Amino acid sequence: MTAASLPLDSHGNVDQLYIETRELRLQGFLLFLVSDCVLFASFIFAYLYLRNSGQGWPPPGIQRLDVAFAAWNSVVLFGSGATMHYALENFKHGNFMRYMWFLLATIVLGAGFLGGQAYEYTHLIYGEHVTWWGSGIFGASFFTLTGMHGMHVFIGVCYLTVLVLQSAAGVYTRGKFFGITAGTLYWHFVDVIWVVLFSIFYLL
Amino acid sequence: MAVAAVSAGGIADHIHPEPQGFVRRYVFSLDHKIIGIQYLITAFVFFMLAGLLAEAIRTQLLNPNGGFVAADTYNEIYSIHGSTMVWLVIIPMLTGGFGNLVFPLQIGARDVAFPWLNMLSFWIFPVSGLMLFSSFLMGAPTAGWMEYPPVSLQGAAGTSMWAAAIFLVGVSSTMTGLNFLVTILKMRAPGMTFTRMPLFVWGQFATAPLLMIATTALAAALAALFINRVFGVPFFDPTKGGSPVMWQHMFWFYSHPAVYIMILPAFGIISEVLPTFARKPIFGYKLIAFSSMAIALTGFMVWAHHMFTSGLAPFLQLPFMIITFVIGVPTGIKIFSWTATLWGGKIHYNTAMLFAIGFVGLFTIGGITGIFLAAIPYDLHVHGTYFIVAHLHYVLVGGSLMGVFAGMYYWFPKMSGRVLNETLGKLHFWLFFIGFNLTFLPMHWLGIEGMPREVATYDPQFAFLNQFASYASYLMTFAILIFFVNVIWSIRNGKRSGPNPWGARTLEWQIPSPPNYYNFKHVPTVYGLPYDFSQPLPYKGLDEELTDAPPVAAGAH
């Protein structure tokens, strides 16, 4: 461990507490993601259960979802996963400005995904009159699961915005950046969930 | 350079300055020992409330036509009784209560991994309890603790409150599980390998992932029920394509692991008490430890055995039946290991030991009726009858609650520095043991003869056994009153215990009672199992001076 990569607190002293709790935080955060995963898994189970107990899918009177638009929107989200990866790598290698630009790009792409989802929702609700409560199990499962995912993306965008502000204020140093690691893990987690949701709602 | 000090000290070696002032010390405390006691006190308050509800149930059933309360009120009473006992009494006592209080001491840690999260977990718990009881004001749920739709969809507004309250207490459980898991994985004292951990720690280690994973699944089910009731999103509404049976899947996917959440820590308590008072190494240490993990794992694969009457396809029923039988194997391994621990031991019949031995007997009865119920033909016959009530009370009262009492008598000196009164304790045990069996044993017969559970009135042919059970239940309640009197009396007047009144060998007994804020002056090195009574203690370095790690401001985690 070189002196340059030691975690320092705001007074420039070596941050003992951080060294001692870094592993705990990482493990705790991973376990949090596991239990968040179970939340999605339960609702995915509910969706598949309802889907297979009814009269075919989509239920009578409801059109198939528009795959093309959602596919482009997915590309936006996966692109944000790539930029987040480069943000973390650049931070680790000390390229602070590149890190900031990649982080900002991630935020923009994440917000773009949310915008796309908002457009899709509007189209479904006003164009095809599919609602959360009024369209049987289709509306129930689609809006609950994608809404939960969208909420996760929204929380992620807020978190990354905080990261930008904190980074600008110099909170993170080369030896002390668990906040950025956690943000990256969370963002990739949200991406992976979307792979599953996209497959079971649009492709299946 | 400070790096050297860090690598020498390690994670476990941090000493925080003790907070001054009543609020930081006893109310919003970060200390796992205080939080454990807070959990226990709160859970015992809810235990009294739910116990009163239980007596209301038994008083109603004194008479075949009921008459003590209206039928709707009766439905509310047993629903809240069950919900409270499961989520606000047994689970918080065994995980948040004894878990917090004991296992960080047993692994030689100075606190849990995330003390602030621990405080948050605790404070969510009484709030959700108040929410649950406030549902009485707006029409409490009436479909039992399982809240099956469609009845739970038709219930009054209190059912939504119920769902929100249980969701919250679930969040608290999830955080506790996460916290405990990280603590056990990362914060054991040097030399405390997995196969040197005390069995209570193994119990918590098997429970923590269940708390984390299963409770989140319950959260999903409750959220779905909530939005179905409040926004009309038809997850469980069959008229709009939803499925009430899906609730049963989602609910039992949590609630079957939950029965192991309620029993695995109690197994841990028993595995500490039995060798201590038999003065003999525990028989089959590794078998007991690994069978807990086996139970936790297979516990996720058997949920549909609660649903044999719910129209499950026969090719699905069979594997669920077989895996349920298989769970009997690790459980049987434990029972035999405990019995073998007693065999040839020099048994001290303290109250804690009486409760532990009572546990082994009563839990065996509850476990064997569980094997009955796993058999599909038998289950079809007694499903929804008092046989189920008898079975679950033998497991949860004869098992978990006896474990809680054993733990209370065993660790009360560690909490307070005083021993609970033995005379009152033995009176408590015998009255409770006799009252419990007289209350719940007759229910097996009632169930086989077909008396349905969760109904406010019953056929007059069942009158004698019901009245018998009701009078016996008053005896049980009286025994619990003795326990409360004992606790309150002993806090002030009990015999001073010293650090180790039982001659026990786990780490928590090698430090003062109650322990200092920082638990260990010096984190010890562990050399072996804590159960070899003929050997010297397997700890080194306990009496060295305070570690000279620099203090960090409290709450910095």
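Mentor: Let us start with confidence: pLDDT is the predictor's confidence in each residue, on a scale from 0 to 100. This is a predicted model, and chain B averages a pLDDT of 92, with 95% of the residues scoring at least 70.

Trainee: Which elements of chain B have the lowest and the highest mean pLDDT?

Mentor: Helix 1 of chain B has the lowest, at 34, whereas helix 16 (residues 422-448) of chain B has the highest, at 97. Over residues 1-13 of chain B the pLDDT is below 50, although the model gives this stretch 19 contacts beyond near neighbours in sequence. Where pLDDT is low, the predicted coordinates should not be read in detail.

Trainee: Why is B:Pro238 called partly exposed?

Mentor: B:Pro238 has 14 C-beta neighbours inside 10 Å; because buried requires 20 or more and exposed 12 or fewer, a count in between is called partly exposed, and B:Pro238 is therefore partly exposed. B:Pro238 is found in the loop between helix 8 and helix 9 of chain B, and, leaving aside residues up to four places away in sequence, B:Pro238 touches B:Ser243 and B:Pro244.

Trainee: What makes up the side of chain B that touches chain A?

Mentor: In the model, 37 residues of chain B are in contact with 31 residues of chain A. Helix 1, helix 7, helix 8 and helix 9 of chain B each supply at least two residues of that side, and the largest share, nine residues, comes from helix 8 of chain B. The residues of this side divide into 26 nonpolar, nine polar and two charged.

Key: Residues numbered from 1 in each chain as written. Chains lettered and ligands numbered in written order. Predicted model: local features only at pLDDT ≥ 70, side-chain atom pairs only at ≥ 80, totals over all residues. Contact = placed C-beta atoms within 7 Å. Helix = DSSP H or I, 4+ residues; strand = E, 2+ residues; numbered from the N terminus. Nonpolar A, V, L, I, M, F, W, Y, C, P; charged D, E, K, R; others polar.
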